[in-house]
Structure formats: structure tokens, C-alpha cells
Amino acid sequence: MSADLARAAADVLRANDTGTMVTAAPHLYPHQWSWDAAFVSVGLAHLSVARAIVEWDTIFGAQWATGMLPHIVFADEPDYFPGFGVWGTEIAAARPDGVESSGICQPPVHALCIEQLVAIGRAQGGEAAERADAFMADAVPRLARWHAWMSRARDREGIGLVEIHHGWESGMDNSPRFDPFYERIEVATPKALPRTDLKYADASERPSDREYQRYIHLIDQMIAVEFEDDRIPAVIDFRCGDVFMTASLAASAEALARMADETGDADLAATERARAEHARTAVLASVDPTTGLCRDYDYHAGHHTDVASIAGFSALICGGDDAVVARQRAILTGPQWMGHPDNRYPLPPSISLDDPACRPREYWRGPVWPIMNWLFAHCALQQGDTALASGLREAGLAQLADEEFGEYYEPRTGEPLGSHQQSWSAMAALDWLTADRWR
């Protein structure tokens, strides 16, 4: 069964491959999403390190002059909303010529993924190892620019939390954690929305039209200031200190520091370790002493928010305090989350099934996401928590054994939802079954 599942996962990556990018999924997501592609490159490395590097050529080829890696690089596929024309980034001075991209970012998991790509290449030996090492040397300065941009443009107040200006930047688009931010947005003149996503997914599994009006409203605010980092905070209605983004930065900065050690750049290694510590400190400072979970920060309201979601376990991504990590692990594996009696598999839903806000079929408002299972398992393994890593891997593989590779899953029934044949879900299965570190 394991061999069959690995072959099926590899087939998904090959089927979604355009040659220069692996689209996130057929039909629904026909472009390259930044954090999707970073994760997908880990799976591609098991098939071909050379092809995995091509994926990064596309990612880095879209890097803005500021250092930002945009959240979408558009393929020549018009059947998608909002496309390049809606984004309006043709006016952005920092966007590289000839590359059509969006004007926001996504979680900075890139260095974390490149570190795994390199490890896979080295394990294969020969030409794959040589290519991986050469690629790492080229990638390190590009990643350094990306992290420096995140600290400079998205931590202006120096508190360590990465500020986002759109729920899409978090990767958790319509999570209830963002309800307080969206609820204050009033769209004076709603637009006609060509919801092409509803051609390929059930409306009950997707954000509503009202949510999309707010999404486009925020894009229009960025267009009004030509996507200039210094001007956006003054006009944007959405300013969230995102604890999950911050934890991801901490974990990736540690990975980049290790790679900088290998390339002989001691100064960069020190800079990245300091960046990781700054971010980790902010994550731990966000922990609610009552619930034990991490919290986002609302810059407009001037306080932390109290919506519990999978992002609340961000200390498990970055570590830094054994007591906090142990408490979060106990909560995550306990009866409200992974251990909930109604769960089909012992995996974490995006929102606890006991939460009144939980909608177990709707995107980030309740379903289980295979990519989050992989990320939490990976970080647990990095921190020496083999029990949690093994539990997530075993249950995650059982969930994916249907070979549908759903974008997300109904937690109680195990039904695949959203798009099927999702590239990063296939990556999770392929890496779990192939990489030496899981054995």
C-alpha cells in the first residue's frame, strides 16, 4: 500500500507540472503559490533534484526588488479570479519586468523547505548532491533578502510579530482568527465577482461572496499606493501581527542560519539566528496564560485577539520554551483537537470541533489540512519530539490513503474537500514515505 500511495503522489506532481511550475492543483489553482511551491519542491526533490531547482528558479525569478516573494506567480491561464489584471501590480515599481505576480506574500517557509531539498539531494549522492549544494549556495543570499524584507517591511514597530495586510498572506485565508479584522471592513460599492473557483469546488467549501468583496477591497487599497511598503500601513484596513507567520519565520531563519554556516557566511548565520530569536520571543510573548495558546495582534485595536485556531499552536513550530511547548503539545493531542472523539483520524482540525465557529467543511474554518499535518510533524521532528512527529505521520498517511490528495478533509468523516489532486498534499505523502529522516 505504501508503494502504491507513493506512486500515486508522484503521479499528482507530474500531472500538475507545466515544466516551469507545478500548479497548486488542477483547475481550481492553475498558478504557482509561493508557500505551496516551497513545500512541493520537497516532493519534487525525491523525483528529480534538477526539477525541484527549476521550481525555485520560478519562485526566485519573481522576487521583487524589495526582496519580497509574491504569493502568486501567474501562469498563462485566464480561468482564475482574481488574476493579474485584478491585482494591478503592473504599476508596482518593485515587480520584476516580464513576471506577472500578485502584490502580497505568504508564510516564509522557504528556507525550511530548501534545507530539506538539499538533504534529499545529498542522500541521493552523485550529481543530485552536487546540484543541491550548488543550488544552496545560490539560494542563501536570495533567502537572506526575503527575510530582511520581512523584518524591515513587516515589523516596523520592532516587536517581532510579522504584520500581514490580507488574510491570504497567512495562507489561512478565511480562518475565524481573522474575523475581527474583516468585520470592521465596510465595502461601500460591491463589485461583480467572477467566482471561477465555484466552477471547481462546492460553494459550501469556499469563502462567501461577502468575504471576497473584502478581499478585493484590500487589494484596491494596495493598488491606491502602488504596493509601496512604506505607504501601505497608513491606508490598509487590515493590520494583523500574525503569530503563525512569525513562527514560520523563526523556523526558517534557523534553517537559513544552518545553511549560511555551510556556505561560510558567518555574519549572515549570526543575523539569521538573531532574527529567529527575535521572532520566537514575539511568538512566546503572545501566549495567553489562561488558554496556553499563541495569539495574533490587532494593530488597529491595539491588543491581542483571542480566537483559538491551529495557529494558536505556533510555539510548536518555532520552539523556545519547553514549558510552553509541552503545554501546547498536550492541548493539541488532547480531546479538543487531535484526540477529539468525533475525529475520523487523530489529526488537528483548523478549528476545534467544539468551537461554535467551526464549520467542518469550509476551508480554514474547521477542516483538517494535510500540509499542516506535515509542517507540525516536520517541526516536531526537528525539535526531537519523535512521538508527535510519528503520530502525525501515521494518521496523515492513513488519511491520504484514499489517493484523492484532497486540499483539506472533513475531520469527522475523512471526506476529501476543496480541490483534489492537490500538489502539496501529494508532497506530504511522498516525503513521509520516502525521506530517510522519517524512518
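The model is predicted: local features need pLDDT of at least 70 and side-chain atom pairs count only at pLDDT 80 or more, while totals for chains, interfaces and linings use all residues. Residues are numbered from 1 along each chain as its sequence is written, and side-chain values use heavy atoms, with hydrogens and water left out.

- Aspartate 242 counts as buried because its relative accessibility is 0%, where buried means under 20% relative accessible area with a 1.4 Å probe, protein chains only.
- The side chain of aspartate 242 reaches the backbone nitrogen of methionine 245 at 2.9 Å.

**Largest pocket**

- The lining of the largest pocket comprises 15 residues, and Thr291, Leu293, Asp306, Ala308 and Trp337 lie nearest its centre.
- A pocket here is an open set of points on a 1 Å grid over the protein atoms alone, with protein on both sides within 12 Å along at least five of seven lines; lining residues have an atom within 4 Å of a point.
- By class, six lining residues are nonpolar, four polar and five charged.

**Cysteines**

- The whole structure has zero disulfides, a disulfide being a pair of cysteine sulfur atoms within 2.5 Å.
- Cysteine 318 is in no disulfide, and the nearest cysteine sulfur, in cysteine 294, is 6.8 Å away.
- The sulfur of cysteine 379 is 8.7 Å from the closest cysteine sulfur, in cysteine 318, which is too far for a bond.
- Cysteine 318 is buried at 9% relative accessible area, and cysteine 379 is buried at 3% relative accessibility.

Notes
Buried < 20%, exposed > 50% of the residue type's maximum accessible area, 1.4 Å probe, protein only. Polar contact = N/O pair within 3.5 Å; in protein donor to acceptor, adjacent residues only side chain to side chain. 1 Å grid on protein atoms, 1.4 Å probe; cavity = no way out; pocket = protein on both sides within 12 Å on 5 of 7 lines; lining within 4 Å. Nonpolar A, V, L, I, M, F, W, Y, C, P; charged D, E, K, R; others polar.
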